[in-house]
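The following note sets out numbered points on the model shown below. Please read each point alongside the coordinates.

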Amino acid sequence: MTTATADTTDERTLAQLQRDHGPALLSFLLGLTYGDQQRAEDLMQETLVRAWQHPEAFEAPYESMRPWLFTVGRRLAIDARRSRMARPTEIGDGMLAALPEPADPTESAVAALDVRAAVRELSPEHRAVLVRIYFHGLTVNEAAADLGIPAGTVKSRSHYALRALSRYLPGYPVRH
C-alpha cells in the first residue's frame, strides 16, 4: 500500500481511495458546505492531500478508510468555516460595479441651485406649500395649520406646484 522509502502514499493507492470513497466523501462535504460545490471540491481535494501525506492512516486497524476520510473532511470544513467567520466577507468586482457612483458634490450643488431657481418661479401660494412640506418636513395637516388653509388645498397646491416644477426643471428625472 505505501512505499517503504517514501513518507507519502503511493499514487495507485491514492487513486483507488478516490475511486472507492470520492463520491461518498463529496456528497458528505456538499452537505457540510450547504451545497457549495466549489467549497466541497476544495475540501475533498485537501482531504485527499492529507491522505497522501499520512500513509500511516492506511496501516491503522480500520476495515475501511471512509471513517478516517470523513473525519478529516469534517475537521477541514469546520476549520474553513471558522476561518471565513474570523475575517470580513470578501466581495467581488461584480458587487462593486453594482454600487451607485458616489455623489458628485458639484452636481449636487448645481441641482440645488436649479431647484431653488425653479421654486422662485412658482406662485407664492404654491411656493409656500412646497417649502413647508419638502424643505421644512411638515405633514400636510401641519402645513395646513401653519398656512391657515384646509388640508385638501395643501394637497392640491402641492400637486400643481410639483407639475409646474417639472416644466421649470427640464432634463431632471421626474419622481413620483
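1. Arg-50 is partly exposed, with a relative accessible area of 31%; here buried means under 20% relative accessible area, exposed over 50%, and partly exposed in between, with a 1.4 Å probe and protein chains only. Glu-46 is likewise classed as partly exposed, at 30%. The two side chains form a salt bridge with an N to O distance of 3.1 Å, a salt bridge being a side-chain nitrogen of Lys or Arg within 4 Å of a carboxyl oxygen of Asp or Glu. Arg-50 and Glu-46 lie about one helical turn from each other, because they are 4 residues apart in helix 2 (residues 37-53). Helices (H or I, at least four residues) and strands (E, at least two) are DSSP runs, numbered from the N terminus.

2. The model is predicted: local features need pLDDT of at least 70, side-chain atom pairs count only at pLDDT 80 or more, and totals for chains, interfaces and linings use all residues. Residues are numbered from 1 along each chain as its sequence is written, and side-chain values use heavy atoms, with hydrogens and water left out.

3. The salt-bridge count comes to 3. Another of these joins Arg-39 to Asp-36, with the closest N and O atoms 3.4 Å apart. Arg-39 is partly exposed at 34% relative accessible area, and Asp-36 is partly exposed at 27%. In general, side chains of opposite charge can pair when their charged atoms come close.

4. Arg-132 and Asp-146 also form a salt bridge, their closest N and O atoms being 2.5 Å apart. This pair links distant parts of the chain, with Arg-132 in helix 6 (residues 124-135) and Asp-146 in helix 7, 14 residues apart. Asp-146 is partly exposed, at a relative accessible area of 46%.

5. How many aromatic pairs are there? The count is 1 aromatic pair. Phe-28 and Phe-70 are stacked, at 4.5 Å centre to centre and 20 degrees between the planes. The rule pairs rings of Phe, Tyr and Trp (its six-membered ring) if their centres lie within 6.5 Å; planes under 30 degrees apart count as stacked, over 60 as edge-to-face and the rest as tilted. Phe-28 belongs to helix 1 and Phe-70 to helix 3 (residues 66-86), 42 residues apart, and the pair thus links distant parts of the chain. Phe-28 is partly exposed at 26%, as is Phe-70 at 21%.

6. The backbone at Tyr-34 deserves a check. Tyr-34 has a phi near 55 degrees, a positive value in a residue other than glycine. Most residues other than glycine have a negative phi. Tyr-34 sits in the loop between helix 1 (11-32) and helix 2 and is exposed, with a relative accessible area of 72%.

7. The secondary structure of the protein chain comprises 8 helices and 0 strands. Buried residues make up 24% of its 176 residues. Of the contacts (heavy atoms within 4.5 Å) with a separation of 6 or more, 57% involve residues 24 or more positions apart.

8. On confidence, the protein chain averages a pLDDT of 83, and 84% of the residues score at least 70; pLDDT is the predictor's confidence in each residue, from 0 to 100. Confidence is highest in helix 7 (residues 140-147), at a mean of 94, and lowest in helix 4 (residues 93-98), at 61. Over residues 1-5 the pLDDT is below 50, and this stretch has 8 contacts in the model beyond near neighbours in sequence. Where pLDDT is low, the predicted coordinates should not be read in detail.
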